[in-house]
Amino acid sequence: MCGIAGIFHCGTPKPVEPHRVGRMCDAIAHRGPDGAGVWTGPGVGLGHRRLSIIDLAGSPQPMHSVDGRAVLVFNGEIYNFRALRRELEGQGAKFRTDGDSETILAAWQRWGPDCLSRLEGMFAFALYDCDRRQLFLARDRLGVKPLFTATLSDGSLIFASELKGLLAHPLMRSQVDPLAIEDYMTWGYVPDHRSILKGVEKLPAGHFRLLDHDRPPAPPRRWWDVSFETRAKGSVADQSAELLHHLREGVSSRMVADVPLGAFLSGGVDSSSVVALMSEASRDPVTSCSIGFDVAEVDETSHARLVAERFGTDHRERIVSPGDVADLDRIAGIFDEPFADASALPTLRVCELARDSVTVALSGDGADEALAGYRRQVFHHREEQARAVLPQALRGPVFGTLGKIWPKADWAPRPLRAKTTFLSLAEDGAAGYARALAILDAKARAHLYGDTLLRERGEYRAEDRLIETMDRAPARSGLDAAQYADLTFWLPGDILTKVDRTSMAVGLEAREPLLDHRLIEYAATLPESRRIRGRQGKWLMKHAMERYLPDEILYRPKQGFVTPLAEWFRGPLAGMARGVARSEVLVGTGWFDRAALSRLAERHISGASDNGRVLYQLVMLEKSLARLGIG
C-alpha cells in the first residue's frame, strides 16, 4: 500500500524536474513511510512512497520492467499475482522480485490495457511505456484506491493519490467549484464525478486513461462494470453455498501478507463474518479491533466482544468520546476535500488501534451495497412494489399533497417519518431513492444558501447525477438500480474514501474482502427474494453465515457505525454548533445565509429538530475550506 504522484507533458515532452515530483510525494508521505523514489524521463516523472507489505526488501518503486522499457508506480495489492506470474512465466516473462508490482509490468507488456481484466485486487497505478511513449493510468474495479488528476497552465497533467499531492505542485491553484458545494451539502461528501477544486478530476472506478505526448489528454475509458441484468437460478441451499464460497475466497485471498494482519470488528454482520472466516483460515488467533462510544444507544462493543469470544480472537477496544472532536482539524487535513461522514472519526480511531499491533487490517465494507443490506434499500424495494401497483397519475397528487402537509419528524425512525415516505412515493423510483440518500433536499439546501452560491449554482441540482446513474444502470428492477448506484456512486465517494484516507493516515493497509469482484458480480445476479426477504436485507448472506454466527449477531436491527452527533451538539459541542453562523469562510463568502445557519443551530440545541448531521457538514466544510486557503 502506497502513495503515487507524477507529471506528464501531453504536448512537447519538456524536462520534468525531479524535485517537483519529490515534493508531491512528500505531501503524501504518510501513505508510504517505508521508502521513497522518483524517476524522470523526457516529458514524464513518476514518484512513489512505499508501505511495505509483500516482498519487504525486494520491490522498490518506481519499478522498471526486466527489459527497462516500462516503469511503474503502484498503490494497492494484486491478490492473484502468484498465479498470474506463473502464467506469464509460461509465456516467457522474466522476474527479478517476489512481489506483485513486477507482475503488472509484465502483464502490460503482454496484454496492454487488457491486462486490467486479469488483475484481482485493489489498485491505482501509473505505468510509462518508453517504447510507446504512453502513460497508462488505471484504477481498480470498485474504486478502493484513489487517483486525482489535474491539467496545469503549462500543459502538463499531474496526478497523485490524494489532493494534497497535487497542491504541492507550484502551478496548482485552489479555486473552489461551487457545484461541489452543492454536491457536498446533498451527500456529505464530494462524489467522484467532481472535486472541491476547479480543474481537478478523479479517475473513476473501473476506468483507465492512455496519454500520449503528441496529442491532447484522452478521457477516461471504462474497463469494468457490474451488471444486474441476469438472474442466477438454483435452490436456496445451492446459492447459499456458492455465496459462502465467494465469501471464503474473498477473505482468504486478502490474508496474504509478509507483515502482521488483523481485522476491524464492529459486531455487525459483515465484520463478524470476516472475522469468522479469517479464524477458519488461520492457525493463529485473529487480532480484532473495535471502537465504542460513551453513549450507550450507539455503542456496539458488547456485540463485538461476543464475536471475539466465540472465535478466540486477540481483541482490543477503544472508546470514542466528545473530547475526540479535537481531532476534527486533523480529519479535515486527512481528507483535503470536505467530508461529513461522521463515522470517519471512529474509523480513524479503530485504524490507530489496529496499527498498534498490525500493518494490514481486513474490513467488512461492501456487503451492504452488493447484497442489499441498507435499510434504505429495503424501504426502496417496498416503495417500488407500491409504485408498481399505483399509477403515477394517482401517486403524484395524492402522496405529494400528503407529503407537503405532513409534519416533519426528524427524531423518528425512518418507518415513522411518513413525510419522507409520502414525498418519495410521489416521485419515480430514482428520484425517490435520491431523496432517501440526500442529507438535505433541494428546498432545505436553498434555504441555507446565500445569494452568491444560489447564483453560482444556477440550475444545477446534485440529485440529477444520481438519478441519471440509476436510469442508465444495467438493471432489471428498481432495487437493482439502487444497488448499482450504491456500488458506483456512494461506495467510492463515501465509504471507500473514508477507509482509504483514515487507514493511510496512520500507515495501515485496509483490505475489503467483501468487495472481491467475483463476489460482487455473483451477488448482482441473485433474485431479489434472496437479497431482501420481508424486512430483512442481505438475507442470503445471513442465511449462509448461520453456521458461524448466532442470531443475536445476524438478525438484530442494523445499527451502522454511528457517531452520537445529536447529543454532542446539544451538549459539549453546542458552542461549535453556534459557531457555524459566525464563520467568515461560510458566511463571508456569500455562500451561506447567516440567519439561516443561526436558526439551524438554535433549533437543534433546543431540541426542536435534529440537525446534527447538517451541523457536522457545515463544521467540516468550514475546516476544509480554511485549510485550502478559502475565505
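Which residue in strand 5 does M63 stand opposite? Select M63 and look across: L72 in strand 5 faces M63.

Before moving on, note that this is a predicted model, in which local features need pLDDT of at least 70 and side-chain atom pairs count only at pLDDT 80 or more, while totals for chains, interfaces and linings use all residues. Residues are numbered from 1 along each chain as its sequence is written, and side-chain values use heavy atoms, with hydrogens and water left out.

**Stop 1: the sheet around M63**

Select strand 4 and strand 5 (residues 70–78), which pair in the antiparallel sense over two bridges. Strands here are DSSP runs of E with at least two residues, helices are runs of H or I with at least four, and both are numbered from the N terminus. Two strands pair if DSSP finds at least two bridges between them.

Now widen the selection to the open sheet of six strands, in the order 4-5-6-7-11-12, with antiparallel pairing. Strand 4 (63–64) and strand 12 (221–222) are the edges, each pairing on one side only. Contact means heavy atoms within 4.5 Å. Axes are lines fitted to C-alpha atoms, for helices over the stretch in contact, and angles run from 0 to 180 degrees between N-to-C directions.

Next, select Q61 and P62. A cis peptide bond joins them, with omega about 0°. P62 sits in the loop between strand 3 (44–50) and strand 4.

**Stop 2: a salt bridge**

Select R118 and E87. They form a salt bridge, with the closest N and O atoms 3.0 Å apart. The term means a side-chain nitrogen of Lys or Arg within 4 Å of a carboxyl oxygen of Asp or Glu. R118 lies in the loop between helix 3 (101–111) and strand 6 (121–129) and E87 in helix 2 (residues 81–90), so the pair ties together parts that are 31 residues apart in sequence. The structure holds 47 salt bridges.

**Stop 3**

Select the open sheet of six strands with the order 2-3-1-9-8-10 and antiparallel pairing.

Zoom in on strand 8 (residues 148–151) and strand 9 (residues 156–160). Four bridges pair these two in the antiparallel sense. Pick T149: its bridge partner in strand 9 is F159.

**Stop 4: helix pairs**

Select helix 5 (residues 178–187) and helix 28 (residues 612–627). They pack at an angle of about 145°, with their axes 9 Å apart. Show side chains: I181, Y184, M185 and T186 in helix 5 meet Y616, Q617, L618, M620 and L621 in helix 28. By class, this contact has seven nonpolar, two polar and no charged residues. Ala, Val, Leu, Ile, Met, Phe, Trp, Tyr, Cys and Pro count as nonpolar, Asp, Glu, Lys and Arg as charged, and the others, Gly among them, as polar.

Move to helix 9 (residues 328–335) and helix 10 (residues 344–355). Their axes come within 11 Å and cross at roughly 85°. That makes helix 9 roughly perpendicular to helix 10. Angles under 35 degrees count as roughly parallel, over 145 as roughly antiparallel, 65 to 115 as roughly perpendicular and the rest as oblique. R330, I331, I334 and F335 of helix 9 meet A344, L345, L348, R349 and E352 of helix 10. The contact divides into six nonpolar, no polar and three charged residues.

Then take helix 18 (residues 463–471) and helix 19 (residues 478–505). Their axes come within 8 Å and cross at roughly 125°. Helix 18 is therefore oblique to helix 19.

**Last stop: A372**

Select A372. Its phi is positive, about 65°, although A372 is not a glycine. A372 lies in the loop between helix 11 (367–371) and helix 12 (375–389).
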